[in-house]
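Good morning, everyone, and thank you for making time for this.

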Amino acid sequence: MLVLGIETTCDETAAAVVERKADGTGHIRSNVVLSQVDEHAVFGGVVPEIAARAHVEAIDVIIDEAMREAGTSYDDLDGIAAAAGPGLIGGVIVGLTTAKAIALVRNKPLLAINHLEAHALTARLTDNTAFPYLLFLASGGHTQLVAVLGVGEYVRLGTTQDDAIGEAFDKTAKLLGLGYPGGPQVERQAFSGDKTRFALPRPMQHRKEADFSFSGLKTALRLEAERIAPLSPQDVADLCASFQEAVVDVVRDRLRAGLKLFRDRFGEPSALVAAGGVAANQAIRGALTRVAMETGTPLAVPPLKLCTDNGAMIAWAGIERLALGLTDTMEFAPRARWPLDAGAAAQGALTRTAAYK
């Protein structure tokens with residue numbers, strides 16, 4: 001099975017061709033990503049109108065390059081997959097409309113993919129991870145712990161009550177004048193900082209539920225920065241290190257809570273899986289490794305290039321759905337919001353709960 005995947009939900013224009021072999025394993029034939037970071041850096045964040053225009057200008061070239069690197073033709077494809085949401089609606093429209101055009105002209109099945117589902121299933125492409133498993137999904141817009149029971153079958157066990165982890169990193173970077181994208185800037189500063197200098201809070205720590213909160217931590221950081229202003233370079237590094245250490249402590253605690261909830265409801269998970277751009281942070285990866293070792297849970301973290309937005313994850317999600325006969329019509333509408341556990345997907349997961357007790 002061979003599928004073209006298209007990703008345009010934010011500030012990366014991406015396309016990939018992925019193959020599923022006869023034994024069920026995946027093989028990435030090509031994976032082309034064009035970042036728009038330079039276009040948005042001057043504004044300190046992603047500007048939706050600029051992003052959509054950049055997708056329009058680049059998408060044909062990116063798809064052509066992905067097809068050429070894969071050494072295949074459109075006739076060889078078994079389906080056309082595109083991220084149909086959630087995301088910046090202008091970008092989503094560009095990718096989904098392009099996929100519809102290709103599918104219509106080439107008479108191929110259309111696969112409208114939930115961007116979050118693509119993240120959720122990436123470990124099955126990279127590590128052949130079996131269902132069910134616990135997913136830690138962390139990005140600029142999402143922080144969730146999700147029980148992944150099957151394709152289209154998801155139960156959210158915990159989520160952020162305010163800011164996502166990536167959003168908290170970005171706002172911290174902006175507060176400290178570090179520029180965009182914020183997450184890598186904070187991580188870089190933290191390497192040379194003293195993580196014990198500032199006593200920042202660990203929101204929601206030790207609670208039984210698996211939810212997150214970062215608004216209070218962000219406020220505490222701002223108050224500390226205002227208290228010692230003007231900031232020296234070492235002050236900035238120490239604030240970043242203290243902030244990152246607080247986030248790591250929260251992540252470890254919330255992961256333990258999520259694993260307990262998973263085991264209580266579904267039994268033993270096959271793995272703890274991380275996905276999303278925040279999974280590229282080395283300190284957070286260290287927290288994942290520690291929790292996995294402490295709880296005796298296998299850990300699956302895709303390579304860095306597959307944690308951030310890319311076409312390969314979209315193509316693989318398309319393969320997973322196509323194998324089950326789940327295709328979409330040309331009437332499928334792009335979605336700015338699309339919860340992973342919404343509607344029929346959540347209902348299907350709840351139906352299967354008893355199977356894992």
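Two strands are said to pair if DSSP finds at least two bridges between them, and helices (H or I, at least four residues) and strands (E, at least two) are DSSP runs, numbered from the N terminus. What you see is a predicted model, in which local features need pLDDT of at least 70, side-chain atom pairs count only at pLDDT 80 or more, and totals for chains, interfaces and linings use all residues. Residues are numbered from 1 along each chain as its sequence is written, and side-chain values use heavy atoms, with hydrogens and water left out.

Let me start with the sheet, which is open and has 5 strands in the order 3-2-1-4-5, with mixed pairing. Its edges are strand 3 (26-35) and strand 5 (110-114), each of which pairs on one side only.

Is Leu 157 buried or exposed? With a relative accessible area of 11%, Leu 157 is buried, where buried means under 20%, exposed over 50%, and partly exposed in between (1.4 Å probe, protein chains only). Leaving aside neighbours within four places in sequence, Leu 157 has contacts (heavy atoms within 4.5 Å) with residues including Leu 134, Val 146, Ala 210 and Phe 262. Of these, Val 146 is 11 residues away from Leu 157 in sequence, yet their C-alpha atoms are 5.4 Å apart in space.
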